[in-house]
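Please consult the sequence and the structure while reading.

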Amino acid sequence: EETKDEDEGESYKNPLWGAPEKEEEKGEGFDISKVKAIEKGHGAFYNEKGILESYQRRELETIMLRNYHNWIKSVLINKYTDEVKKNFRENHRGYLKISVLDLGCGTGGDITKWVPNRISYYLGVDVSKTAVEKAHERWEKIAKNKLPADFINVGGAAKESTFYRNIDDNIYFDLVSSQFVIHYMFSKQSDVENLFNNISRRLCKGGYFICSVPDADVMVKRIRAKGVKNENGEFVLGNKFYSIKFKDDQFPKDKPYGIEYGFFLDDGAVGSKTVDEEGNIKITYVPEYVIIPENFRKVAKKYDLELVEEKNFHDFCKESIKNKNYVALMERLKLDDISKIPKELWEISYLYKVCAFRKTSGKEMTEPDRNFQKYSKGKVIIQPEEEEEDHRSESSFSVGGGPETKVEEIPEDLFGDDDE
């Protein structure tokens, strides 16, 4: 199946599994001549670096991208909250008190997106202690009197016994949301199995798992076409706002986990960049993992999660602006003219997609006790250090200039032909 890349004006076929088709296109892209790189795990980066306050991020050049992505997330949340309500009305009577699990809630930035949807319970979980504490602070300031909520410091890929230890047995969810997070957990199959088990275990039948993740098809196509090979033999792609670093531009067919790359975004959230007096740039890359679409759908189906939507951010935007309510939301986010977003930022947004899965089994929405006031404590529960499972910090990615890390051997049996 061919996919049209409208920005590039070309089609590509099964980009993950074929050898690079256009070697001559390599060399266009990010200038890496003065870049030295180090690597730091995602969870460690959050806890050690601290987190920029919202007023600081407003000063960054990437604020338009952040606003645009907030709009994408808001539309996704609104759309599937409405779907849950619709499904309930079609199959049951009465009013549904909707409960939400925000898996990888970060500092709680999406709380303000859930409140207008009039949900009745919110549980935010995150592997970063620093982030989950700030999420709780945010909730206390803006939603404490509007929305019962709890916050737990636990990783999404923790074992079920650990993940649900501090979640009341009576609490089930109608929506599980994970925005820009789960790709950190694709380092190994056991983590992904734990992740989907935790997502599905308490998700009611007819509920949805919604997420935003890197679009592997686009990412791999671009690293092959425009990646610059550095002195270490790694492929680097980017512009003044972001940088991606792959050890190779080919991947084994039969190993869909642990395909690691380094990512930096100049917004104070993912990695960091410093420039010395001589103009040398040092980038701190955060390790992330490729999510192969076919494997993503296969694992989800194993846990009774049926894919109902999968769109690149660009395509999702084109569809959503046909809805006048979403256009009004765009205006409220000061995005009344998205054509003003710089091309370099559009390039970053094109690296992501939205996905939505519907739960096909489990408890009916009428079964769980929805007296959330009885179970909600409104507190932060910190996972004891010896029990923390920060899978996002486990890295085998090798980058120049940083500490020594374990380097896993890349199998020689890399790619099949495009038509395989």
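In the protein, residues 24 or more positions apart account for 80% of the contacts with a separation of 6 or more, a contact being heavy atoms within 4.5 Å. This is a predicted model, in which local features need pLDDT of at least 70, side-chain atom pairs count only at pLDDT 80 or more, and totals for chains, interfaces and linings use all residues. Residues are numbered from 1 along each chain as its sequence is written, and side-chain values use heavy atoms, with hydrogens and water left out.

The predictor's confidence in each residue is the pLDDT, from 0 to 100. Its mean over the protein is 81, and 77% of the residues reach 70 or more.

Of the 420 residues, 54% are buried, that is, under 20% relative accessible area with a 1.4 Å probe, counting protein chains only.

The protein has 13 helices and 17 strands; these are DSSP runs numbered from the N terminus, helices (H or I) of at least four residues and strands (E) of at least two. Eight strands form an open sheet with mixed pairing, in the order 15-16-8-7-4-5-6-17; two strands pair if DSSP finds at least two bridges between them. Strand 15 (305–312) and strand 17 (380–382) each have a single partner strand, so one side of each lacks a neighbour in the sheet. Strand 4 (residues 99–103) pairs with strand 5 (residues 121–126) in the parallel sense over five bridges, and Leu 101 has Leu 123 in strand 5 as its bridge partner.

Technical notes. Buried < 20%, exposed > 50% of the residue type's maximum accessible area, 1.4 Å probe, protein only.
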